[in-house]
Amino acid sequence: MALAYGDSQRWLEMQQSRQAAEVGVLRAFGLLVAVGARAAGAHFAALILDLPARLRRRKRVRRTRAAQGGAAIAGLAQVWPSARLEDGVTSRSAATANAPGVNEQVLELTT
Amino acid sequence: MTQSMLKVPNIVRQRLQPSIAPWLLPLLWALAAGVWLLLVALPVQLASQGWLAVGSVAVLLLLRRYARGRPLLRLAFLALAGLVTARYIVWRASETLIVTDPFSTLAMLVLFLAELYAVGIFFLGAFINLMPLKRVLPALPADTSRWPTVDVLVPSYDEDPALLETTLLAALNMRYAEGKYKVYLLDDGGTEQKCNDPDPIKATAARLRRDTLQALCARIGAHYLTRARNEHAKAGNLNAALEHIAGELVVVLDADHVPTVDFLERTVGAFIAEPRLFLVQTPHFFVNADPVEHNLRIFGRMPPENEMFYGAIQYGLDYWEASFFCGSAAVLRRAALDEVGGFTGQTITEDAETALELHSRGWKSVYYGRPLISGLQPETYSGFITQRVRWAQGMLQLLLLKSPLRRAGLKPWQRLGYLNSSAFWLFPYARTVFLLIPSAWLVFGLQVYHANLQQFAAYTLPHLAAVTLAGHLLYGRVRWSFVSELYEMLQSFYSLRGIFQVLRNPRAPRFKVTPKGEVHYRDFVSSLAKPFYAFYLLAWVSLGFGVWRWFAEPLTRDVTVITMGWELFNLLLLHGVLGAMYERRQRRGAPRVPAQEPVRLVGSLGSPLAARILDISATGMQLGFDPAQTVPEGRLHIEVTPAALGCPVQLPVTLAWQRPGTLGLHFEPEDLAQ
C-alpha cells in the first residue's frame, strides 16, 4: 500500500512528466489524425471481421426466440386448455394441468 | 495562512507599481479598454483587415514563446487574440447574416448561435485563466494540540469491497495527530431500504454487502455508517453522516480515491491560518487511462483529459476566488457546512452547488494543485458518458436553479467563474452544430455562411488561428490542441439529450453513480457507436456532394471549398471518435504506475538480487536489474524502504514472469494491509 500509493511525491513527478510531453499545435493535430485513423481502421476491421459471426449470432438469437416463443405458446396451451393457438393446436390433458413446475415455467416465460 | 495569503495578489499592479503611480493605473486600464473596443469596431477595407489579421497572428506566433511565464505579455497576448476574435464576430453579425429562404435563415441562425456560444466561452476562459494562482499552503504548527479534529468520509454505493479496502486503509495510514481523526465508510448500498427490498435477491445482496463491509471496517479500524433510506444520493449520504460525527474538518474521498500519507499534513494547516476558509480542494489525479486514452493507445503520451481542469482552470478560478468543491479529494470546514445545512442537494452536482452557497455567504476557498489522491477513471465509454452527462446536467441545473449571475453575495468575478464553469457544459449544442452544419450547404444547398474566400481568409482563418494559439498558450501543457474537440465530439450526442432534459425540466435529472473498476477481457465495439456511424456516413456523403457541387456550381466554389475543408476536419475527428469507441481489452485489473525505489529480492535459495522497481500496482510490480545477476529461487520476499513509511519493510512475493534484466512479481500478502 505504502509502496503503490504512499507519498504524493510520486504523483507529482508523474504529473510533471505528463505535462512535459507538450507538443506544438501542428504536431498535436498530426498525431491525433494518425492515431485516430489507425484506431478507426481497427474499429472498422473489427466490424468487418466480426460480420459473419454477428450474422450467425443474429440467426441463432432469432432461432432461439422462435423456439422460446413456441415453448411459451406450448406452456400457455398447457395452462389454459381453452386457448386457441394459431396452428390450431389446443388444450392439454387434465393430468398435465396440475403437473409440478408448469406454472413456474409459464411465469418464467411470461416474465 | 495569514489574511494576505487569501487576498488575491494583483500581479499586474505588482509589475507596474514601481514605475507608475497607483492613481494612474485605473486610467491606463480604461484607456487600454477604450482603445481595444475602438479597434474591435473600427471599419476597414477587406485588404486592410487582411493585413491587420496577418499581422496579429504573426505577433501571436512570436509572443507565444515568451508569454506563458510573463503576466503582462500573457495579458497582451490574450488581448490581441481577443481582438482578432471580436472583430470576427462583429463582422459575422454585421455583414454575413443575410436572410434568404426560411430553411437557410434558420440554419444560419443556428450556426451563428453556436459561434456566439464558442466566442463567449473563449472570452470567459481567457478571463478566468488570465492569472493562474499557484499557492503554497502553510504547514501545520508543531503543537499538535492546535490541530483540528478531522472526519474522513468515504461515501460508497456499489463499489467492490476490495476497492474500498484500499481506500480505507490508505485513509487510516494518513499521517496526523493520534486520536485526532477518524475514518468513516458511508455505505449507501446497505441501507435499511435496500436490505428490505421487495426483491429477495436484491435484499439478500444488500444485507451481504452490509455484513461484509461492517466486518471489513471492524477489522481495519474504520467506522461503518449507513442510513434508513437512499434519499438525495451522495449529498444525502454525506449529510446523514454529519449527524453522527463532530470533527472540525471533513475530508471527502470517493470510493476509488486513495489518499497519500501526507494528505492531511499538506492541507489542514490552511484552516488553522484562515478562519473563513471553507475548502481546500486538491486535484483528482488518475492512474489509469480513460476509455479514449486506452482505446486510442495514447495513455502516458499526452496529459490526461482532466488535467486541463485541475492543472489550469482551477488555478485560474482560484485567482478569482472561485475555485470550487469537486466532490472528493477535498477538506471542508464543518462549521461552514452547518451554516448551509450540510451538503446541498438541489442539483446532481452537490459539490459545486455547496461551494456556490458558501462563496455567496463570504466563505473562502483554496485550490492546492499537488496531487494528494490517486483515483480511477471510468474504464468504458458507457461509464465515461454516464459520468459526463451527470456533470453536464448538474452544472446546467446550477446555472438554471442557482443563477450564479444574479445570486446575492457573490463578487462579480466569482459570478463569471461560476458562469464559465456551468455554461461550458452547453458545448454539446455547439459541437453538434459544427458537426452537422457543413452538410446543410454541401448536401441541401442551404446558405448558412455568406462569405467569399477573401473574407474567409481575412476574418475566419485569423480568428481560428487566434483561438487555437490562445488555447495553446493557456492550456498547452495540460491539453494538446484539438484534444478538446475530440472529447467534446465524443460526448456531444449523448450529452445533448441530457441537456435538453434539463432545459425541459431542471429538476428531472437523477444522480447516477459512475461505474469504476470495470474490466473487460476482449475487444469489442461499443454499442453507443451507432449514432456516430450516421455522422461518419453523412460526412462522406457531404464530401461527395461537395465534389459534385464544385463541378456543377462554379459560382459557389468559394463556399464549397471552405465547407469541404470544414467537413474534412470533422471527418478526421470522427476517425478518432470511432477509434475511441472500439473498446480494447484490459490486461490488468489494477492500474500500474511508474516507480523508482531500490529494492532487494531475497529468496530461500541463492543470493539476494539488488534491483529497482520500474512500475507498481496494488497486485504486483516490475523490477529492473543487471542481467549478469542471477535471480534467487525458493520462497521469495522483497525488502524495500517506502518513502511514505521511512522504514524498511518485507513483503512476500511470487515470480510471475522473467526476461533478461526485468521480472514481474505478484504480491502474496496475508491481507491487503500488509
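In chain B of this predicted model, Asp290(B) sits in the loop that links β6 (277-281) to α13 (291-296). Is this residue buried or exposed? With a relative accessibility of 0%, Asp290(B) counts as buried, because the cut-off for that label is under 20%.

Leaving aside residues up to four places away in sequence, Asp290(B) touches Glu305(B), Gln377(B), Pro378(B) and Tyr487(B). One of these neighbours, Tyr487(B), is also joined to Asp290(B) through the side chains, by a polar contact of 2.7 Å.

Attention now turns to a pair of helices in chain B. Helix α17 (residues 381-401) and helix α18 (residues 412-423) of chain B have axes that come within 8 Å and cross at roughly 135 degrees. Why is α17(B) described as oblique to α18(B)? The crossing angle is roughly 135 degrees, and an angle counts as roughly antiparallel only when it is over 145, and as roughly perpendicular from 65 to 115, so this pair falls among the rest, the oblique ones. The crossing of α17(B) and α18(B) is also left-handed.

Which residues make the contact? From α17(B) come Met395(B), Leu396(B), Leu398(B) and Leu399(B), while α18(B) supplies Tyr418(B), Leu419(B), Ser421(B) and Ser422(B).

Note on methods. Residues numbered from 1 in each chain as written. Chains lettered and ligands numbered in written order. Predicted model: local features only at pLDDT ≥ 70, side-chain atom pairs only at ≥ 80, totals over all residues. Heavy atoms only, no water. Axes fitted to C-alpha atoms, helices over the stretch in contact; angles between N-to-C directions. Helix = DSSP H or I, 4+ residues; strand = E, 2+ residues; numbered from the N terminus. Parallel < 35°, antiparallel > 145°, perpendicular 65-115°, else oblique. Left-handed = near helix turned anticlockwise from the far one by under 90°. Contact = heavy atoms within 4.5 Å. Buried < 20%, exposed > 50% of the residue type's maximum accessible area, 1.4 Å probe, protein only. Polar contact = N/O pair within 3.5 Å; in protein donor to acceptor, adjacent residues only side chain to side chain.
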